[in-house]
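Open the model in your viewer and keep the selection tool at hand. This tour says what to pick next and what is there.

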Amino acid sequence: MVTRILLLFLLSAPVFGAEVAGVKIDEQIRVAEAPLVLKGAGLRKRFFVQVYAMGLYVADRKADPVTQGGAKRVAIHMLRDVGADQFSAALVDGMRPNHDEATMKFLEPRIAQLSAILAEMKVAKEGMAIMLDWLPGSGTQVTIDGRPAGKPIQGEDFYRGLLRIWLGEKPVQDDLKKALLGL
């Protein structure tokens with residue numbers, strides 16, 4: 001009887017794939033009814049300050065996360081308060097080195113849409129969960145603390161551009177790229 005109760009408890013407990021700076025990151029999730037697995041998780045630091053813990057979820061752990069099809073998620077867990085303008089600017093600054101000028105110009109209206117969505121939150125507060133989901137057929141959906149924010153941003157090219165912030169040839173942080181790739 002005790003063994004059965006213990007087994008039921010273990011099976012019902014959430015399975016954590018990683019813990020980053022005290023944030024537990026699930027091994028498996030569902031996005032748009034698609035099962036996703038944790039590719040990797042890491043810590044974004046800026047000048048020795050912990051900014052956010054993040055996890056990258058994909059359908060196929062072995063495939064290239066930028067080019068593989070299907071739903072995806074970048075899960076960002078804020079470890080400190082950051083103004084929405086500063087947070088948005090940091091994302092754009094991370095995109096710029098990984099794209100040529102023409103591509104950045106082409107992405108500009110969608111970057112503005114993302115910036116407007118983030119501006120509505122005023123501050124990315126410590127403890128806040130910001131999800132950037134790729135939903136095939138819909139676009140990039142921003143979710144803040146479990147609530148969809150704004151309309152989906154069209155174009156898989158835009159989502160791939162976001163992923164290159166952390167996974168591109170010139171990532172914002174080399175050790176974070178390795179961690180997100182599970183290396």
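**Aromatic pairs and cores**

Select Trp134: this residue is buried, with a relative accessible area of 6% (buried means under 20%, with a 1.4 Å probe and protein chains only). This is a predicted model, where local features need pLDDT of at least 70, side-chain atom pairs count only at pLDDT 80 or more, and totals for chains, interfaces and linings use all residues. Residues are numbered from 1 along each chain as its sequence is written, and side-chain values use heavy atoms, leaving out hydrogens and water.

Trp134 and Tyr159 form a tilted aromatic pair, 6.1 Å centre to centre with 40° between the planes. (Rings of Phe, Tyr and Trp, the last by its six-membered ring, pair if their centres lie within 6.5 Å; planes under 30 degrees apart are stacked, over 60 edge-to-face, the rest tilted.)

How many aromatic pairs does the structure hold? Two. For the other, select Tyr52 and Phe87: the pair is edge-to-face, 6.3 Å centre to centre and 70° between the planes. Tyr52 is buried at 7% relative accessible area. Phe87 is buried too, at 5%.

Next, colour the largest nonpolar core, which has 40 residues. (Such a core is a set of buried Ala, Val, Leu, Ile, Met, Phe, Trp, Tyr and Cys residues joined through side-chain atoms within 4.5 Å.) Ile76, Met78, Phe87 and Trp166 have the most contacts inside it.

Last, find the second, separate core of 17 residues. Val20, Leu38, Ala41 and Ala129 are among them.

Terms used
Buried means under 20% relative accessible area, exposed over 50%, partly exposed in between (1.4 Å probe, protein chains only).
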